[in-house]
Amino acid sequence: MASYWQIFISFFKIGSFTLGGGYAMIPLIQQEVVNKKGWLKESEFVEMMAIAQSAPGPIALNTAIFVGYKARGVKGVIFSSLGTILPSFIVILLIAIIFTDFKNNPGVERVFKGIRPAVVALIAAPLYKMGKSAGVTRKTVIFPVIAVLLVWQLNLSPIYIIIAAILGGLLYGKITHKL
């Protein structure tokens, strides 16, 4: 069983070394809690990610909350949440204090432009792995692709896609169980 400090340190490391927001944290969280620590099974992680994405709030914090609760209950939530939030809070505080000194620095601007492609790769890698775990096949890959295109090209709200997916799942279940 994980100690509170193990939970805190794991999420503090993840929060400290992840650039690009919550989705970029997903592969690190998965590596830490599924592969290294064994706090969750792969299937539990995929289900937890679906819930974390559906719940309001930042996905990294939602994920930390679920993992903390699964590992050590309510106190685990506190330690995982603090571990996730503190690195960003500290960095933002430091940036706010010294922001005026480097906000127009071309070197800093180039560094952040260089980081962007790596962040995209960090987001794409777990999507592929989660797609496989969720049962997305060559036949069913069309559904996530259509969802992405609808959001991206038609500026359709993801809420409508989620509602359509729920209704489609209910209809599919009703049809397949009737036969």
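Between domain 1 and domain 2 the count of salt bridges is zero, a salt bridge being a side-chain nitrogen of Lys or Arg within 4 Å of a carboxyl oxygen of Asp or Glu. Good morning, and let me set out the background to that count.

The model is predicted: local features need pLDDT of at least 70, side-chain atom pairs count only at pLDDT 80 or more, and totals for chains, interfaces and linings use all residues. Residues are numbered from 1 along each chain as its sequence is written, and side-chain values use heavy atoms, with hydrogens and water left out.

I turn to the overall fold. The protein chain has seven helices and zero strands; these are DSSP runs (helices: H or I, at least four residues; strands: E, at least two), numbered from the N terminus. Along its principal axes, the C-alpha trace spans about 65 × 45 × 25 Å.

The domain assignment, which is automatic or taken from a database, gives domain 1 as residues 4-102 and domain 2 as residues 125-176. Their C-alpha centres are 25 Å apart. Domain 1 brings eight residues to the contact and domain 2 brings five, where contact means heavy atoms within 4.5 Å.

How much area is buried between domain 1 and domain 2? The value is about 560 Å², and carbon and sulfur atoms give 72% of that area. Buried area here is the accessible area (1.4 Å probe) that two parts lose on being put together, summed over both. On the side of domain 1, Gln30, Glu42 and Val46 supply 54% of the area buried against domain 2, more than any other three residues.

Which elements give two or more residues to the side of domain 1 that touches domain 2? They are helix 2 (22-36) and helix 3 (42-54). The residues on that side divide into five nonpolar, two polar and one charged; Ala, Val, Leu, Ile, Met, Phe, Trp, Tyr, Cys and Pro count as nonpolar, Asp, Glu, Lys and Arg as charged, and the others, Gly among them, as polar.

Salt bridges do occur elsewhere, for a search of the whole structure finds three.
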